[in-house]
Amino acid sequence: MKVEETYLKGCYVITPKVFKDTRGCFYEAFNVNTFEKLTGIESSFVQDNISKSSKGVLRGLHFQKGEAAQAKLVQVLKGSALDVCVDLRERSETFGKHFSLVLNEENHKQLYIPRGFAHGFLALEDNTIFSYKCDNFYNKESEVGLAYNDLHLNIDWGLAEHKIVLSVKDQNLLTFKNLFN
């Protein structure tokens, strides 16, 4: 397993060692001992979530506030997605900055997103299956979100806005300015 910290402190790209042969492939997606040794982060994931999305579906940017904040370990099991996280830790040197990368069934990469980040992804293929482990349980009253097209964030989603499919909830998320002023 290869672990690389992004320029957002505490956010890691994890690339497992994949064994391929004529039958297909095998890889260890998560091992708590290896994860903790390579990141220095004590992990206690308590909830796994799976979503299936059509091409152009954008989910996010979501986060849980306060005691319900969540760290996540995300990956794509089938298809491809542009994954994005935004640092919302006000004392962080990278406050308001974002990191993105393509996760897909071919590269098997994962992204560890610490507490204090908003997260979202754009499905780049039909039937994209996205998986994420959370270190805290979902709490509807603590859920907050940032608008994916917020000018302050300036995220390049790589898809024309008229092709992006959003839930009603995600069409009405806060701007960065509204969240922090």
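In which loop is Glu105 found? In this predicted model, Glu105 sits in the loop between strand E9 (98–104) and strand E10 (110–113). Its relative accessible area is 31%, so Glu105 counts as partly exposed. Together with Glu106, Glu125 and Asp126, Glu105 forms a negative surface patch.

**Nonpolar cores**

The largest nonpolar core has 17 residues, of which Leu61, Leu146 and Trp157 touch the most other members. Two or more residues of this core come from each of strand E6 (58–64), strand E8 (80–87) and strand E11 (117–123).

**Backbone geometry**

Leu61, one of the residues with the most contacts to other members of the largest core, belongs to strand E6. The peptide bond that leads from Gly60 to Leu61 is cis, and its omega is near 5°.

Positive phi values occur at Asn127 and at Asn154, neither of which is a glycine. Asn127 is placed in the loop between E11 and strand E12 (128–134), whereas Asn154 is found in the loop between strand E13 (143–145) and helix H2 (176–180). The table sets out their values.

| Residue | Phi | Relative accessible area |
|---|---|---|
| Asn127 | near 60° | 36% |
| Asn154 | about 50° | 62% |

Asn127 is classed as partly exposed because its relative accessible area is 36%. Asn154 has a relative accessibility of 62% and therefore counts as exposed, the cut-off for that class being over 50%.

Technical notes. Residues numbered from 1 in each chain as written. Predicted model: local features only at pLDDT ≥ 70, side-chain atom pairs only at ≥ 80, totals over all residues. Heavy atoms only, no water. Core = buried A, V, L, I, M, F, W, Y, C linked by side-chain atoms within 4.5 Å. Buried < 20%, exposed > 50% of the residue type's maximum accessible area, 1.4 Å probe, protein only. Helix = DSSP H or I, 4+ residues; strand = E, 2+ residues; numbered from the N terminus. Patch = residues over 30% accessible without salt bridge, like charges linked within 9 Å, V, L, I, M, F, W, Y side chains within 5 Å. Areas by Shrake-Rupley, 256 points an atom, 1.4 Å probe, with all protein chains shown as cover. Salt bridge = Lys/Arg side-chain N within 4 Å of Asp/Glu carboxyl O. Lys, Arg positive; Asp, Glu negative; His and termini not counted. Charge placed at Lys NZ, Arg CZ, Asp CG, Glu CD.
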